[in-house]
Amino acid sequence: MKIKLKVNGENKVFDVKADEYLLDTLRKNNYVSVRRGCDNTSCGVCTVLINGNPAASCSYLSCKADGKEITTVEGIPEEAAKIAGFFGREGADQCGFCNPSMALTVYAMKKELVNPTDDDIRSYLVGNLCRCSGYQGQHRAIKAYLEVE
Amino acid sequence: MMKYVNYERPSIDGKGLMMGKPGYTDDLAEQNSLIVKVLRSPHAFARIKSIDKSKAEALEGVELVLTHEDFKRIPVTRAGQGYPEPSPHDKFVLDNYVRHVGDEVAAVAARDKETAEKALELLVVDYEVLEPVLDFEKAYENEVIIHDEPEIHEMFPIGFEPKKNVAASYLMHIGDVEKSLKECDTVTETTFYTQAQAHVMMEPHTVNARIDYQGRLVLYSSTQTPFHTRRIVAQALEYPMSKIRVIKPRVGGGFGGKQCVHGEMLVSAVTLRTGKPSKMVYTRQEVFESTFSRHPMRFDIKLGAMKDGTLKAIDVEVLSDTGAYGEHALTVFMVAGSKVFPLYNKVDSVRFGGKVVYTNRTPAGAFRGYGAIQGNYALESAVDILCDKLKVDPVEFRQKNMIREGETSPIFEIMGEGTEGIAMTMETCKLDYCVKRGMELIDWKNKYPRKDMGNGKVRGVGMAIAMQGSGIPYIDMGSALIKLNDDGFFNLLVGATDIGQGSDTILAQIAAESLRVHPDEIVVYSSDSDLTPFDVGAYASSTTYVSGNAVKRAADRMKQMIIEEGALALKVPVEGTDFDGMTISHGDKSISLKDLSNRLYYNEDQKQLVAVDSYVGTKSPPPFMAGFAEVEVDTETGHVELIDYAAVVDCGTTISPNLAKGQVEGGLVQGIGMTLYEDVVYSKTGKMITNSMMTYRIPTRKEIRSLKVEFADSYETSGPYGAKSVGEIGIDSPPAAITNAIFNAVGVRIKSLPVTGEKILTGIQKSRQKGEKQ
Ligand code: FES
Ligand code: FES
């Protein structure tokens, strides 16, 4: 079936199967920043923004996304570059596999929460797993980003 | 004064990856790749009587079906190690036996995932289901023999006795342990168990293959060992190594889990046979069930000491479970001794030995710490037990008995990795500082041993010291090539394997330091078996020290070449000519690097400047650390919360302090995970229950509240600009430090990992009953 999506501000039409997930649709169409880390919605690596809200694209049926606005990290280059700067300063990016999903979720959090506490930040991002960083550098970087921005 | 070493610089790839640039293996697969899927064994142990692949082959869209009948029987090891490997050659690309749930039965290559999956369902396999060996304590000399194939073999003596289910065995001793134990005032004897741990790197194992325009097989692989991968694939498929190119793109984490080949052999076979590009992306379930995890171990450890708190004897017997195949069996086992027991170098005697046995479980392999985390847990827990018995302070006991700068341990000479070791003296060992500083950071004086918080909660602090290594001396080789380009910038080509730890970044810094040019002027490419020089890969904490030394040597050479060419251009003697990173000068004559480069490539005395060098360690200077944990134990539920963890590390110079800190923090959290949360659990029939990220829980950012990581001031002259390695040391101390803290809080000694509320409650009840009886 054909679905219409607005991906990173561009109107797109994709041909998808009824049981196809958004993650696969996006990767197939070269949005390779969206990645798979697990089989059952538990790692957060595949996060995209759907109408501005973070969602796991691995368990979101593409047909359900028809008519919606999808943002991948390619759609927020300025914010991603800024966040990358803070991550870089804290040595918070290691393998980088989780990075695009982190940038998107942090970006969404900044819009949603006003002056989040340490615990608010941890709760908001709890579904975004990272096996490399031990989370500390990320936490320092996110706080610095929120302070400056 | 160092300019670009010990210098904060963001990693060279972090920003690009954050912005979503393609870089990982699957981003670089050919669009029309055949999808390779593997049929995996539902049985822990079975013989394949027959496979009917006709229906699968007939399915529209299926290109190829491979079974064991399609391969010549060539045993290899999937472990990416030096060659000849210290691991038994006990694995075939496909075999007519399956030895664990998830083992490979057959492979299908089809035009898309759905077709490949459908084809797997159409394969008809007739199994003779065999009785598996699931308990590693019953594996030795069990009547069930897991590896009975005639072709399998060891490459040199490693104690391989497959008929007894033994993949490797080892025994060493220094002094007479029996005698010294008899002379001791106090002897403790304890048994500890460590569990299997899964790596859970975020990027699953991924590989793709294509035939390029020269007819060569090109693999992109998410691997820690591209050069070993090329060698093993060539061996397994009897295909010339000269026709294989292995490219390691960005890798989404490894931690040892990618120090091996997995899909590479099958994907290569598919592409070679079909001539078409193919790819394989492991599902998370496959990563759990069908790659590797950490070797579970049992330690029977005896420590003997005098009343005054002098440690005299260490006697350890270890049983290690390598699962269905023997990858890294011997070497992980040996590191459980060689990178643990030198911590207490003043003892009269040490005995260390035991076996690594096969079972019908997911194979064990390399995992950060590589035996040292298991050994450290046993030793550092046993030390606290001993201190409790002797009524001596555990910190003072360590300060009295631990290794110090300028000292050595006879273990270094006796134990290497699979072979004999190398005698070495600790040129740098700041353990003393690490311990003192760690006490301050955790506020030991005010918190040791415990504080009752009321409301049924008790806090306690505990500590442990740890060591690792920096590469494997006389075995691990790294090399580097530096090329000067017109306009005066450089390429640095290294075999070293950046898997997210940031080695490309820090190796560029080392080159920059030597050349005195800004790191931005050094463009790094790593790990392409056709284009970059050799390196063993990312393991054994070797990159900073071994590959870093190679880079420094090559860069020093390049600097000398620039000086010589500059002198020629300026018509002055080489002596007295200098290069400061921008300009080559002699007295009042000078030429900029840019002008010199352009002259070299376009105008006069034309030639390409290339410097290449390599490095093999003659020793493996250990990084050291002291870890301090503060826990809060809920005596009603047994729940443990980690309140704080302080780690002070001596890894020599930190080339990039931030990246080094990230290594330690990441290692600590994996160690904390192994201590408190992570466990690979099997059903009674040998099926892994924890085969998803829902059932196997790694720490989230909610559990990790406070980590304090600091570095000791330390300069190892044998390392590049004073550096030792730092990749593994962070993981080693949490199991012992946290369980020691739990003991100090509630008097319960955790003898098997992970810590669970149940173990704590049972312990509390036992000690209450004891108390009532008295
Ligand atoms: S891939 Fe893991 S949550 Fe979507
Ligand atoms: S940086 Fe590797 S998973 Fe987060």
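This is a predicted model: local features need pLDDT of at least 70, side-chain atom pairs count only at pLDDT 80 or more; totals for chains, interfaces and linings use all residues.
1. Two strands count as paired if DSSP finds at least two bridges between them, and strands (E, at least two residues) and helices (H or I, at least four) are DSSP runs numbered from the N terminus.

2. Residues are numbered from 1 along each chain as its sequence is written, chains are lettered from A and ligands numbered from 1 in the order in which they are written, and side-chain values use heavy atoms, with hydrogens and water left out.

3. Within this sheet, β19 (residues 490-494) of chain B runs parallel to β20(B) and is joined to that strand by 5 bridges; B:L492 has B:V524 of β20(B) as its bridge partner.

4. Turning to the contact between the chains, 56 residues of chain B touch 54 residues of chain A, where contact means heavy atoms within 4.5 Å. On the chain B side, these residues divide into 23 nonpolar, 20 polar and 13 charged, with Ala, Val, Leu, Ile, Met, Phe, Trp, Tyr, Cys and Pro taken as nonpolar, Asp, Glu, Lys and Arg as charged, and the others, Gly among them, as polar.

5. There are 7 salt bridges between chain B and chain A, each a side-chain nitrogen of Lys or Arg within 4 Å of a carboxyl oxygen of Asp or Glu. One of the salt bridges joins the side chains of B:E114 and A:K17 (3.6 Å, N to O).
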